[in-house]
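Reader: I am new to this structure. Please show it to me, and then let me ask about it.

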Amino acid sequence: MKNYEIVLIFHPGNSNLVTNILEKYINFIKENKGIIHRLENWGRRHLSYPIKKIHKGHYVLINIEVFKDIMKIFESKIRFDENILRNLVISVKKPILNKSPMFLTKDSEKKIKNNK
């Protein structure tokens, strides 16, 4: 089994459907004996540049461990999903279990807001 890090950018108009769409993909991974090490929903953020005249996107980070042939099927599923604007799939050497810097930044922003 290989480890992968996946970043998905969903269409901002479908932010309320993100959990349902992710559930579908998570079930696919688990049904095919994959392991999900990390799942972070970063929420809506500004894009670096507009994609199809859209300036915001709903970001999600997933770290999984799955067989190579299952990953090919998964990649084709996310590539042809109309709800996903962009995707990035990277093979990593070992599973990443700790929180990402992007997620830590979001948590620290919440703490600062709550302390005011």
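Reader: What percentage of the 116 residues of the protein count as buried?

Author: A word first: this is a predicted model. A residue is called buried under 20% relative accessible area. The protein has 116 residues. Of these, the share that counts as buried is 38%.

Reader: What is the accessible surface of the protein?

Author: Carbon and sulfur atoms hold 53% of that surface. The total comes to about 7700 Å².

Reader: What is the order of the strands in the open sheet?

Author: The sheet has four strands, with antiparallel pairing. Its edge strands are E2 and E4 (84-92), each pairing on one side only. The twist averages 20° from one strand to the next. The order across the sheet is E2-E3-E1-E4.

Reader: Over how many bridges do E2 and E3 pair?

Author: Strand E2 covers residues 35-51, and its pairing with E3 is antiparallel. Asn41 stands opposite Val60 in E3. Glu40 has Leu61 as its bridge partner in E3. The pairing of E2 and E3 runs over 11 bridges.

Reader: Which residue takes a positive phi in the hairpin of E2 and E3?

Author: The hairpin has two residues between its strands. Phi is near 55° at one residue there, Lys52.

Reader: Over how many bridges do E1 and E3 pair?

Author: Strand E1 spans residues 2-10 and pairs with E3 in the antiparallel sense. Phe10 stands opposite His58 in E3. The count for E1 and E3 is nine bridges.

Reader: How many of the 13 residues of E3 are buried?

Author: Strand E3 takes in residues 54-66. The strand is mostly covered. Its buried residues number 11.

Reader: Is Asn3 buried or exposed?

Author: Asn3 sits in strand E1. Its contacts beyond four places away in sequence include His37, Ile64, Ile90 and Pro95. The relative accessible area of Asn3 is 7%. The cut-off is under 20%, so with 7% Asn3 is buried.

Reader: Which strands does H1 lie across?

Author: Helix H1 takes in residues 18-31. It runs at about 140° to E2. The strands that H1 lies across are E1, E2, E3 and E4.

Reader: Why does H1 count as roughly antiparallel to H2?

Author: Helix H2 covers residues 68-79, and the axes of H1 and H2 come within 11 Å. They cross at roughly 165°. Angles over 145 degrees count as roughly antiparallel. That makes H1, relative to H2, roughly antiparallel.

Reader: Is the crossing of H1 and H2 left-handed or right-handed?

Author: The two helices touch through side by side sets of residues: Tyr25, Phe28 and Ile29 in H1 meet residues of H2 including Ile70 and Phe74. The crossing of H1 and H2 is right-handed.

Reader: What percentage of contacts between residues at least 6 apart in sequence join residues at least 24 apart?

Author: Take the contacts in the protein between residues at least 6 apart in sequence. Those that join residues at least 24 apart make up 75%.

Technical notes
Residues are numbered from 1 along each chain as its sequence is written. This is a predicted model: local features need pLDDT of at least 70, side-chain atom pairs count only at pLDDT 80 or more; totals for chains, interfaces and linings use all residues. Side-chain values use heavy atoms; hydrogens and water are left out. Buried means under 20% relative accessible area, exposed over 50%, partly exposed in between (1.4 Å probe, protein chains only). Two strands pair if DSSP finds at least two bridges between them. Axes are lines fitted to C-alpha atoms, for helices over the stretch in contact, and angles run from 0 to 180 degrees between N-to-C directions. Contact means heavy atoms within 4.5 Å. Accessible areas come from the Shrake-Rupley method with a 1.4 Å probe; for residues, only the protein chains shown count as cover. Angles under 35 degrees count as roughly parallel, over 145 as roughly antiparallel, 65 to 115 as roughly perpendicular and the rest as oblique. A crossing is left-handed if the near helix is turned anticlockwise from the far one by less than a right angle, and right-handed if clockwise.
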